[in-house]
Amino acid sequence: MKTLYLDPFSGVAGDMLVGALLDLGLDFEQWQVQLQRLNITGYHLSIEKTKVSAINGTKFHVQLVDHKQKIDTGLTALEQTSTVDAHANQSVKHHHHHHGRNLEMITSIIETSGLSTYVKESAIAVFQEIAQAEAQVHGLAMNEIHFHEVGAVDSIVDIVGTLIAIEMLEVDQIVCGEIYDGTGLIQVAHGMMPVPVPAVMILRQGADLPMRQRADVKTELVTPTGLALLKFLVNEFGPQPQDMILLGVGYGFGSRETGALNALRISLFDSKMSKKIQQRQSDAVLELHTNLDDETGEAIGAITNHLMNLGVYDVFCTPIFMKKNRPAYELTVILPARLQNSVIELLFRKTSTVGVRWQNMQRAMMERSFEQIETTLGLVQVKNFTYHGIEKFSFEFDDINQIAEKHHLTLTKVKQIVMQQIKQDKYREL
Ligand SMILES: O=C([S-])c1cc(C(=O)S)c[n+]([C@@H]2O[C@H](COP(=O)(O)O)[C@@H](O)[C@H]2O)c1
Ligand code: NI
């Protein structure tokens with residue numbers, strides 16, 4: 001079981017998260033290939049392997065190729081001067097309220113992209129959270145909050161890029177330590193803002209976040225984007241995992257001069273058991289339930305597909321009787337903890353439910369391995385399972401079904417033929 005541990009001793013910003021995740025050892029080229037599924041152009045990404053306080057780490061940079069160049073997805077350069085200007089900040093980007101891309105435009109870019117369902121759903125949820133916080137601070141509607149060109153590209157790359165990295169690392173859960181912000185005032189587009197900045201204060205409302213302030217740092221350490229990502233991604237706040245093996249550590253440097261080490265540290269831990277034993281024995285999963293008494297079979301079918309695309313382990317429906325004698329369905333989803341927030345968001349967004357329950361569970365699994373068998377009828381994948389001396393196997397149903405269709409045979413007949421040929425091959429090997 002893989003656990004990612006975040007150490008925001010100098011706060012968190014989008015670029016620090018991406019920098020630290022890449023520093024952890026993700027392949028920059030492969031990560032960029034995934035990011036290209038966004039289908040936006042006009043920006044250049046680079047990583048600077050550098051040393052701060054004699055510690056090796058990564059500074060992640062996003063640069064617009066040409067401010068005046070039209071970016072083909074609608075992320076166009078600003079032609080007019082806004083009522084507010086750019087301001088210096090942790091990740092050097094700016095947003096304001098009159099020009100640029102609003103939430104609807106950014107949502108459409110993400111929705112029409114070739115990104116995975118997990119990345120799409122999660123990125124939209126994070127953008128919504130930021131827009132909601134900004135809207136509350138400025139007394140505007142969510143869609144009136146605009147990110148201008150630099151801010152939009154920067155924020156999209158930071159948010160989507162972080163989610164892609166998390167997906168690539170295949171982590172099971174994310175744990176985070178205390179989150180340190182600075183103190184004092186910072187200069188932003190509208191003038192001076194107190195630290196923690198107003199949008200960060202809104203993001204903290206009602207959330208049980210271990211936020212602390214560093215009196216020695218007189219600037220912003222926690223940006224709205226950084227905190228919105230943490231809120232979305234983190235399963236648990238607390239100390240570093242114990243009794244786990246540390247696989248690697250990454251440092252992502254921030255842009256602000258803080259007078260101290262301005263970095264986010266991310267560490268990757270794995271369970272002590274060897275991968276083989278771990279697979280054979282057990283892992284931790286969440287089981288999530290919701291009761292639906294006003295959804296059609298068609299809608300439940302569609303949500304099941306969405307959930308499977310998100311990467312959950314399984315989804316199933318149980319017929320139940322609810323209050324007022326209503327026949328209904330209980331939808332059960334089995335998932336890795338890292339998908340918890342994405343699954344809840346998806347259920348609230350795409351079904352009529354207003355409440356979701358979950359519980360942590362352990363599951364035992366047989367160790368599995370796969371092999372392709374060449375038969376006279378075609379290729380068949382065989383799944384072998386073992387557990388403490390127990391052995392069994394099964395054929396990939398889709399392969400058997402395809403062969404049955406192609407050769408006009410029953411499923412039983414195909415299985416018989418395949419079995420016979422496997423036995424013959426084994427006999428020949430002896
Ligand atoms: O420009 C505006 S409206 C603005 C508002 C706020 C509020 O907290 S409200 C904060 N900021 C600062 O902008 C940068 C960029 O933040 P990202 O989350 O987009 O990285 C950061 O310094 C914020 O504090 C700007
Ligand atoms: Ni603002």
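Select R349 and E121, which form a salt bridge with their closest N and O atoms 3.5 Å apart; a salt bridge is a side-chain nitrogen of Lys or Arg within 4 Å of a carboxyl oxygen of Asp or Glu. R349 lies in helix α10 (residues 340-350) and E121 in helix α4, 228 residues apart; helices (H or I, at least four residues) and strands (E, at least two) are DSSP runs, numbered from the N terminus. R349 is partly exposed, with a relative accessible area of 34%, whereas E121 is buried at 10%. Here buried means under 20% relative accessible area, exposed over 50%, and partly exposed in between (1.4 Å probe, protein chains only).

The model is predicted: local features need pLDDT of at least 70, side-chain atom pairs count only at pLDDT 80 or more, and totals for chains, interfaces and linings use all residues. Residues are numbered from 1 along each chain as its sequence is written, chains are lettered from A and ligands numbered from 1 in the order in which they are written, and side-chain values use heavy atoms, with hydrogens and water left out.

Next, select K231 and E129, whose side chains meet in a salt bridge of 2.7 Å, N to O. K231 belongs to helix α7 (residues 224-233) and E129 to helix α4, so this pair ties together parts 102 residues apart in sequence.

Finally, select the nickel ion (ligand 2), coordinated by E134 (OE) and H138 (NE2) at 2.0 to 2.1 Å; donors are N, O and S atoms within 2.8 Å of the metal (3.2 Å for Na, K and Ca), and water is not among the atoms, so sites may look incomplete. Both E134 and H138 lie in helix α4 (residues 117-138), four residues apart. E134 is buried at 6% relative accessibility, while H138 is partly exposed at 26%.
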